[in-house]
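Have the sequence and the structure open while you read.

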Amino acid sequence: MIGLIILSILFIFCVIFLILYITFVKGLNQEKFDQICDKKIARISTKNNLAFLSDLHLYNFSEERLKIHSVIFGKKFSYLITNYSLIGNVEGIKYDNSWIFYNRKTKSQEYIENLIDLGKQNIREIAGILAINTDFLVSIAVVPNECDFKIKEAEEKQNFVKNYSKLNHLINEFEYKNVGSFKPEQIDEKFKLLKKKNDERKSR
């Protein structure tokens, strides 16, 4: 009898969890996902005593040429993080200009830009602004855990598409690499330079 009661309680909890999960997934738009990622990035940065910059936009005259949701200034690398609220499957070929996204929420097929190509562009742009080697920059396209990324060998040594839950592990992996560290004043200089560029955009 007690066993039956326990099973009934567990069943009720599972049903409640499933309802909450489905509600969360259906309501997860880009704005909400950005907020979730912002909180995680703030936690990672605070825990590791790293500077970070949010909502970076760069322009050529009036045309936006670059948007990065967050930049974390690590001791060994800087991480260019862009969030994509993709719930479903992403398929295609690494070198295609666009990939196929099977949207689980709308049950439709869409085309999205090649996230690895966008990451390459981000790395080139930021390396030029900071006047540093591209080897010190890591681009990370963050997608929800519910996104199944099926493009084989798409990722490169410093250009990734990662589920939200794997972000912290990836950053730690790079920060523990056996390479030299930037001096605190060098990190501060990079932060101030990008912040200045971003503030110029806000004052337009």
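In this predicted model, residues 24 or more positions apart account for 57% of the contacts with a separation of 6 or more. A contact here means heavy atoms within 4.5 Å. As for the parts list, the protein has five helices and nine strands. Reading from the N terminus, the order is α-α-β-β-β-β-β-β-α-β-β-β-α-α. Helices (H or I, at least four residues) and strands (E, at least two) are DSSP runs, numbered from the N terminus.

Some housekeeping on how to read the numbers. Residues are numbered from 1 along each chain as its sequence is written, and side-chain values use heavy atoms, with hydrogens and water left out. Since you're looking at a predicted model, local features need pLDDT of at least 70 and side-chain atom pairs count only at pLDDT 80 or more, while totals for chains, interfaces and linings use all residues.

How confident is the predictor? The mean pLDDT of the protein is 82, and 81% of its residues reach 70 or more; pLDDT is the predictor's confidence in each residue, from 0 to 100. Over residues 13-27 the pLDDT is below 50, and this stretch has eight contacts in the model beyond near neighbours in sequence.

Now for surface and interior. The accessible surface of the protein comes to about 12300 Å², and carbon and sulfur atoms own 57% of that. Those areas come from the Shrake-Rupley method with a 1.4 Å probe, and for residues only the protein chains shown count as cover. Of the 204 residues in the protein, 40% are buried. Buried means under 20% relative accessible area, exposed over 50%, and partly exposed in between (1.4 Å probe, protein chains only).

Here's how a few individual residues come out:

| Residue | Relative accessible area | Class |
|---|---|---|
| S45 | 0% | buried |
| N103 | 12% | buried |
| Q158 | 13% | buried |
| D117 | 33% | partly exposed |
| T106 | 47% | partly exposed |
| N49 | 69% | exposed |
| A131 | 69% | exposed |

S45 sits in helix α2 (residues 30-47). Leaving aside neighbours within four places in sequence, S45 is in contact with L50, F52 and I72. N103 belongs to strand β5 (residues 98-103), and its contacts, again skipping neighbours within four places, are I87, S108 and E110.

What does Q158 touch, not counting residues up to four places away in sequence? The list is F77, I123, T134, D135, F136, L137, V138, S139 and F174. Q158 itself is in the loop between β8 (148-149) and β9 (159-163).

D117 lies in helix α3 (residues 115-130); the C-alpha atoms of D117 and S98 are separated by 9.4 Å, and the two residues are 19 apart along the chain. T106 is in the loop between β5 and β6 (108-113). From T106 to G88, 18 residues apart along the chain, the C-alpha separation is 9.7 Å.

N49 has a positive phi of about 55° although it is not a glycine, and you'll find N49 in the loop between α2 and β1 (51-60). A131 also has a positive phi of about 55° without being a glycine; A131 is placed in the loop between α3 and β7.

A cavity is a set of points, on a 1 Å grid over the protein atoms alone, where a 1.4 Å probe fits but cannot get out; lining residues have an atom within 4 Å of a point. Grid points are joined across faces, edges and corners, and a volume is the space filled by probe spheres set on the points. By this rule there is one cavity of 30 Å³ or more, and the largest cavity has a volume of about 40 Å³. The lining of the largest cavity consists of T82, Y84, L115, L118, G119, N122, S139, I140 and A141. The elements that give two or more residues to this lining are α3 and β7 (137-143), and α3 gives the most, with four residues. By type, the lining residues divide into five nonpolar, four polar and no charged.

Methods. On a 1 Å grid over the protein atoms alone, a cavity is a set of points where a 1.4 Å probe fits but cannot get out, and a pocket is an open set with protein on both sides within 12 Å along at least five of seven lines; lining residues have an atom within 4 Å of a point. Ala, Val, Leu, Ile, Met, Phe, Trp, Tyr, Cys and Pro count as nonpolar, Asp, Glu, Lys and Arg as charged, and the others, Gly among them, as polar.
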